[in-house]
Amino acid sequence: MITEQKKDADSQDSTAHEYLTFILGNEHYGLDIMKVREIRGYEPVTKIANAPAFIKGVLNLRGDIVPIVDLRLKFDVGEASYNEFTIVIMLHINNRIVGIVVDAVSDVINMQASDIKPPPEFGVAFDSQYLFGLAPVNEQMIILLNIEKLISSQELGLFDSTALPSE
């Protein structure tokens with residue numbers, strides 16, 4: 001796993017990449033800003049029978065039916081409350097739109113590939129295959145997610161795995 005993630009990091013050039021940072025519980029996370037379609041407030045969703053608790057349901061976003069995943073529940077961090085301050089980041093992954101619920105959006109940061117350290121194999125709330133790496137920024141550690149791999153995973157079950165492009 002580490003070698004695949006290192007290969008991903010090595011394949012990047014030395015130019016800066018932009019990451020949208022957000023908060024889940026007490027931790028700071030980041031994801032590739034190129035995957036972000038929009039940031040919006042939480043709105044009521046239509047529940048899906050027998051869906052895991054972290055899949056809150058679906059909503060109609062300008063004609064697209066969008067699944068909403070609460071990362072706070074998925075990663076078991078923080079309380080899942082839904083009010084006017086709850087944030088949903090709409091992502092464009094594999095030609096589909098998916099919303100993720102987070103506690104707050106922090107900033108957009110630029111990072112060199114050399115600033116990103118490989119993820120540890122232990123000590124995180126979820127499988128490290130969904131981590132791109134870790135980056136120290138202003139006295140705090142940003143956990144960079146491989147959001148495409150997480151959202152496309154069979155564990156979430158949001159996409160038909162036979163319809164996904166092969167890596």
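Five strands form an open sheet in the order β3-β6-β7-β5-β4, with mixed pairing. Its edge strands, β3 (36-41) and β4 (55-61), each pair on one side only. From one strand to the next, the twist averages 25°. Axes here are lines fitted to C-alpha atoms, with angles from 0 to 180 degrees between N-to-C directions. Strands are DSSP runs (E, at least two residues), as are helices (H or I, at least four), numbered from the N terminus. Two strands pair if DSSP finds at least two bridges between them.

This is a predicted model: local features need pLDDT of at least 70, side-chain atom pairs count only at pLDDT 80 or more, and totals for chains, interfaces and linings use all residues. Residues are numbered from 1 along each chain as its sequence is written, and side-chain values use heavy atoms, leaving out hydrogens and water.

β4 pairs with β5 (residues 64-70) in the antiparallel sense over six bridges. Glycine 57 has isoleucine 68 of β5 as its bridge partner.

Two nonpolar cores (buried Ala, Val, Leu, Ile, Met, Phe, Trp, Tyr and Cys residues joined through side-chain atoms within 4.5 Å) follow. Buried means under 20% relative accessible area, with a 1.4 Å probe and protein chains only.

| Core | Size | Residues |
|---|---|---|
| Largest | 26 residues | most contacts inside: Phe22, Leu71, Ile100, Ile147 |
| Another, apart from it | 10 residues | among them Val45, Val66, Ile68, Val88 |

β6 gives the largest share, four residues. Beyond its neighbours within four places in sequence, phenylalanine 22 is in contact (heavy atoms within 4.5 Å) with residues including Tyr29, Leu71, Ile89, Val102 and Leu145.

Conventions. Buried means under 20% relative accessible area, exposed over 50%, partly exposed in between (1.4 Å probe, protein chains only).
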